[in-house]
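Please keep the sequence and the structure in view while reading.

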Amino acid sequence: MTYIVLARKYRPQSFDEVISQSHITDTLKNAIEMDRIAHAYLFTGSRGVGKTSMARIFAKALNCTSYDKPTTSPCNKCLNCKDITNGSSVDVIEIDGASNTGVEDVRALQREIMYAPQNSRYKIYIIDEVHMLSKNAFNALLKTLEEPPENIIFIFATTEPHKILSTIISRCQRFDFRRIPIKDIVNKLKNIANSENIEVDDDSLFLIAKKADGSMRDALSLMDQLISFQENRIDKKNILHIFGIIHIEVYTQIIQAIVNKDAKKILEVFYNTIQQGNDIQEFIQGLMEYIRNLLLIKLEIYPEEIHKDNRPTLKKLSKKFTENDLLFIISLLSDVKEHVKRNTNPVLYTEIALVKLTNFQHLQSIDKLIKKINEVPEQSSLTITEPTNMAKNSVQKSQTGIQKREIKSEEKKVQLKQITEEILKQEWEKIKQMISKKYPVLGASLQNMSIESIRNNFIHFEVYDEFDYNNIKKRKEYISKALSDYFDLDLRVDFHFKATENKQEFITDTRFDTIKKYSPELAKFIERVDGRIVSQKRID
């Protein structure tokens, strides 16, 4: 007897066998019971989640001859049910949209639908990957959907609904299929393993389900491959070897090396990983996912892709980093991944990035450098004037409720009834840190804006990135209250988007004289600490 792959052998044949799509099966069953059958349906979702299987089950439910009307429980024994299961029904026609993309294909279909169903209640057309049809083909199909012949039903399936004309979508009942959760895939694979007498543990099933990425069909195909490698037995070692999956312990060692600032260890782990044939892109992607999981656990979020046995280790490691640390590392790795794609020496580029990670805590933003400039005393050019120090004292006093006391200096008075640009700049880093603790993403967006002007306690900011601008606008009231509470003043804020091309010219030359030209204070700071520029990056 010809071998049948698991994905076909265990394909669902009834509504009850479909997993994790109850929001769709319940709706379709209710529609059948209430005799509210539409003429066109659109099934959307990622690959392997059951779109075509659901279309066949629905077709059997409508055309099963064991009952005198459509049923929610097709028998799977009558001739119609068997033909639909085998794909040989003359009244349920499956069409591959990728192979029939032209307008002539649709016109041929239009001529065919004029004929009534031969052995069934309905003539049903299941068009898979319908988004592959051309625009002219969609337009030709539109007329048929507007005035469909009696007893004709269309079921469209697609992984890319955004490519379908809105006029087509508006004439269909749309059902969005969900990615199948890992636990549901594991339970299904466990039942299949018992039926097939396959020896496999839960950890191995978890790895298969995670690799399948929400697709039941992919999970069954992976399991088929593993059974072929070692008959009647599946173990974790073979899964890691066959599919090139990097063990989570590798990433744990990488993170521990970052914590210990151990560049030698991090490179040793990397070399061992690529020497085993693992792809560098997969390595970087896996490391990003691991750090993302650290961030989620730090926020006390436990997604299902984090195995329960790994959570204690991840929780312990997450305490070694701040939220901003983890966001920074993810951002750095994202840049590395993009460069590795087009770099002629990806190993070297990755090595440099990993060594940087062991020293990431020493990397500082320009904002922090400028702050240090203001904090370093100098007898000549960088002397901090008395009014500035007195203004800073005024801010501290204002936080204790003393607002109206006048601060005297040799030249002028500074009152706490008004916020000034000088005071705001001095306290801005503390304010951003305070906001970042509650809203890390908002805190990151605040890095990309500057003070435009302050008038009568109304602060105007410029934001240089459209994403950050939209993000900040949503939190306008919170930012206003945070500033008001911090200074104990009634402050208002406003934000203006300023396109990148209007920003101050970016320094494209790392030579010291160029830096001195654009930022004399930064140049003086570099001289004072005997520093040097190791890298630079434009932030738009």
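## The second largest pocket

Helix 14 gives the most to the lining of the second largest pocket, contributing seven residues. Helices (H or I, at least four residues) and strands (E, at least two) are DSSP runs, numbered from the N terminus. The model is a predicted one, in which local features need pLDDT of at least 70 and side-chain atom pairs count only at pLDDT 80 or more, while totals for chains, interfaces and linings use all residues. Residues are numbered from 1 along each chain as its sequence is written, and side-chain values use heavy atoms, with hydrogens and water left out.

The second largest pocket has a volume of about 1100 Å³. Of the 34 residues that line this pocket, those closest to its centre are Lys210, Lys211, Ile245, Glu289 and Glu305. The elements that give two or more residues to its lining are helix 9 (202–212), helix 11 (236–243), helix 12 (248–259) and helix 14 (280–298). A pocket here is an open set of points on a 1 Å grid over the protein atoms alone, where a 1.4 Å probe fits, with protein on both sides within 12 Å along at least five of seven lines; lining residues have an atom within 4 Å of a point. Grid points are joined across faces, edges and corners, and the volume is the space filled by probe spheres set on the points.

## Strand 3 and its partners

Strand 3 (residues 123–128) is mostly covered, with five of its six residues buried, that is, under 20% relative accessible area with a 1.4 Å probe and protein chains only. Strand 3 runs parallel to strand 2 (residues 92–96), to which five bridges join it, and two strands pair if DSSP finds at least two bridges between them. Within strand 3, Tyr125 stands opposite Ile93, and in strand 4 the bridge partner of Tyr125 is Phe154.

Six bridges join strand 3 to strand 4 (residues 152–158), and these two strands also run parallel. The chain passes from strand 3 through helix 6 (residues 135–146) to strand 4 in a right-handed β-α-β crossover, meaning that, with the strands pointing away from the viewer, the path from the first strand over the helix to the second runs clockwise.

## The 10-11-12 sheet

Three strands form an open sheet of mixed pairing in the order 10-11-12, with strand 10 (449–455) and strand 12 (492–497) as the edge strands, each pairing on one side only. Strand 10 and strand 11 (residues 458–463) run antiparallel and are joined by six bridges, and Ile451 stands opposite Phe461 in strand 11.

Methods: Buried < 20%, exposed > 50% of the residue type's maximum accessible area, 1.4 Å probe, protein only.
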